[in-house]
Amino acid sequence: MTAERRAFREQIRLDAGEMFAAGSDNLEVAKMLRVHVRSVQRWRHEWAERGEAGLVSKGPASLPKLSDELFVKLEAALALGAVAHGWPDERWTLARIRTLMASESV
């Protein structure tokens with residue numbers, strides 16, 4: 001996730017905190033911010049325990065599984081299209097991508 005996207009998502013959580021402080025319930029917050037109620041429930045729990053600090057981004061949930069070099073190779077292979085890699089149509093499925101990743105070409 002890009003830094004911009006992470007900042008955008010963090011701002012949504014901070015907006016939720018303001019709504020919690022104003023007395024809004026979880027369903028109302030979810031509808032206003034267009035997020036899932038379960039997310040709002042988690043945010044409210046963090047907010048209740050740690051205040052605004054509980055809503056601040058903690059960084060990515062996990063490290064990327066692909067190195068930057070491998071990602072560039074995969075992107076180039078995908079840009080060629082599925083037909084270029086021997087499939088009869090241009091659909092990319094998870095199985096096809098896994099096969100591509102396991103091959104020597106990526």
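Predicted model: local features only at pLDDT ≥ 70, side-chain atom pairs only at ≥ 80, totals over all residues.

Student: At roughly what angle do the axes of helix 1 and helix 3 cross?

Tutor: Helix 1 covers residues 3-21 and helix 3 covers residues 37-50. Their crossing is right-handed. The two axes come within 10 Å, and the crossing angle is roughly 70°.

Student: Which residues of helix 3 make the contact with helix 1?

Tutor: On the helix 1 side you will find Ile12, Arg13, Ala16, Gly17, Phe20 and Ala21. The residues of this contact divide into seven nonpolar, one polar and two charged. From helix 3, the partners are Val40, Trp43, Arg44 and Trp47.

Student: Which residue forms a salt bridge with Arg50?

Tutor: The structure holds four salt bridges. In the one with Arg50, the closest N and O atoms are 3.0 Å apart, and a salt bridge requires such a pair within 4 Å. Both residues lie in helix 3, four residues apart, or about one turn of the helix. The partner of Arg50 is Glu46.

Student: What distance does helix 4 reach from its first C-alpha to its last?

Tutor: Helix 4 runs over residues 68-80, which makes 13 residues. Gly81 follows, with a positive phi near 100°. At 1.5 Å a residue, 18 Å is expected for helix 4, and the model comes close to that, with a reach of 19 Å.

Conventions: Residues numbered from 1 in each chain as written. Heavy atoms only, no water. Helix = DSSP H or I, 4+ residues; strand = E, 2+ residues; numbered from the N terminus. Expected span 1.5 Å × (residues − 1). Axes fitted to C-alpha atoms, helices over the stretch in contact; angles between N-to-C directions. Left-handed = near helix turned anticlockwise from the far one by under 90°. Contact = heavy atoms within 4.5 Å. Nonpolar A, V, L, I, M, F, W, Y, C, P; charged D, E, K, R; others polar. Salt bridge = Lys/Arg side-chain N within 4 Å of Asp/Glu carboxyl O.
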